[in-house]
Amino acid sequence: MVGYDPDSPGVVLSPEEAALAGSAAGMVTRAFISPLDVIKIRFQLQIEQVSWRSRQGKYWGLRQATRCIMTEEGLPAFWKGHIPAQLLSVCYGAVQFASFEALTELVHKKTSYKSQTPGVHFICGGLAACSATVACQPLDTLRTRFAAQGEPKMYRNLRHAVATMFRTEGPFTFYRGLTPTLVAVFPYAGMQFFFYNILKKLLEPQDTKSKGGLHSLISGSCAGVISKTITYPFDLIKKRLQVGGFEEARMKFGQVQTYHGFVDCVVRIGREEGPRGFIKGLSPSLLKAALSTGFTFFWYEFFINAIVSLKSS
């Protein structure tokens, strides 16, 4: 059960309960998908073509990148930036699901639209994700910086990173890439909730109540893959902008570019790297999206059911 359901009055969630379930789902999911996130970010930030045929850059394939990172930086490298990433997941999950539950309830009670229709889930899901993005963007920027740095590390820890970035680049550096993020996150999150709503109803008989489980995992995974495929270029542009001013730590990975805003980034990627430049890192990103979205909805419904069971007992 995701979103306000008027047919289940005993299962109406308070904002605090939705936030608790969302943050717990984000925390558990993040621990599983962190290695794929690190590889995806490395691919996105590589200027050279990511291809096993040409092998121009440092990384040219998923298996090769995994071996390379493991050999040069060790197993902990796959969890670089895990602390800000976990803070991001907990914060994002709490704000997104609390906002989504509140928005779907508001729409159902104040308009003629029903809260469990796919269209309502698309709009409410997009708005909820935008709220979570604005609240959590500084943590996303920190996560990207940590995942992008090699050895020796430029930032010793989270506190050092915050102090260094604030001192050398100013407070607005924590919101680098916010424009493409918001442009992408509304349709991306909206489509996640939209397709999850449709797929879940197809998998479950209409006369049964949602209990989560395998249906949630499958529906969430498919919704994640579809949504990520459509909006992926914006995610790549966001990552490129977030590491602006971080060129020194990126030198050992190959070519380094500095972009002057969203439009400049789009034009230069298209001119210098071609259309394929916008889908670098798509393979690990789709795998991550399938696992991340699937597990997020799975764990969210799991924790919601646990909260409802505790309340009823």
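Biologist: By class, which residues make up the lining of the largest cavity?

Modeller: The lining has 15 nonpolar, 14 polar and nine charged residues. Ala, Val, Leu, Ile, Met, Phe, Trp, Tyr, Cys and Pro count as nonpolar, Asp, Glu, Lys and Arg as charged, and the others, Gly among them, as polar. Keep in mind that this is a predicted model, where local features need pLDDT of at least 70, side-chain atom pairs count only at pLDDT 80 or more, and totals for chains, interfaces and linings use all residues. Residues are numbered from 1 along each chain as its sequence is written, and side-chain values use heavy atoms, with hydrogens and water left out.

Biologist: What counts as a cavity or a pocket here?

Modeller: Both are sets of points on a 1 Å grid over the protein atoms alone. In a cavity, a 1.4 Å probe fits but cannot get out. A pocket is an open set with protein on both sides within 12 Å along at least five of seven lines. Lining residues have an atom within 4 Å of a point.

Biologist: How many cavities of 30 Å³ or more does that rule give?

Modeller: Three. The largest cavity has a volume of about 760 Å³. Volume here is the space filled by probe spheres set on the points, with grid points joined across faces, edges and corners.

Biologist: Which residues are closest to the centre of the largest cavity?

Modeller: Arg30, Tyr92, Tyr188, Lys288 and Ser292, out of 38 lining residues.

Biologist: And which element gives the largest share of that lining?

Modeller: Helix H6 does, with eight residues. Helices H1, H3, H4, H7 and H10 also supply at least two residues each. Helices (H or I, at least four residues) and strands (E, at least two) are DSSP runs, numbered from the N terminus.

Biologist: New topic. How much space lies in the second largest pocket?

Modeller: About 450 Å³. It has 23 lining residues, and Gln49, Val50, Ser51, Arg276 and Lys280 are the closest to its centre. Helices H9 (262-273) and H10 (282-312) each give two or more residues to this lining. H10 gives the most, with three.

Biologist: Which domains supply at least three residues each to that lining?

Modeller: Domain 1 (13-79 + 281-307) and domain 3 (177-279). Those bounds come from an automatic or database domain assignment.

Biologist: Back to H4. How far apart are its end C-alpha atoms?

Modeller: Only 37 Å, for a helix of 31 residues (118-148).

Biologist: Where is the kink in H4?

Modeller: At Cys136, shortly before Pro138, and the kink is about 65 degrees. The bend at a residue is the angle between axes fitted to the seven residues ending there and the seven starting there.

Biologist: Why call H4 largely enclosed?

Modeller: Because 22 of its 31 residues are buried. Buried means under 20% relative accessible area, exposed over 50%, partly exposed in between (1.4 Å probe, protein chains only).

Biologist: Last one. Is Tyr196 buried or exposed?

Modeller: Buried, at 4% relative accessibility. Tyr196 lies in helix H6. Its C-alpha atom is 8.7 Å from that of Phe297, 101 residues apart along the chain.

Biologist: And where does Ala21 sit?

Modeller: In helix H1. Ala21 is buried, with a relative accessible area of 1%. Ala21 and Ala98 are 77 residues apart in sequence but 8.9 Å apart in space, C-alpha to C-alpha.

Methods:
Expected span 1.5 Å × (residues − 1).
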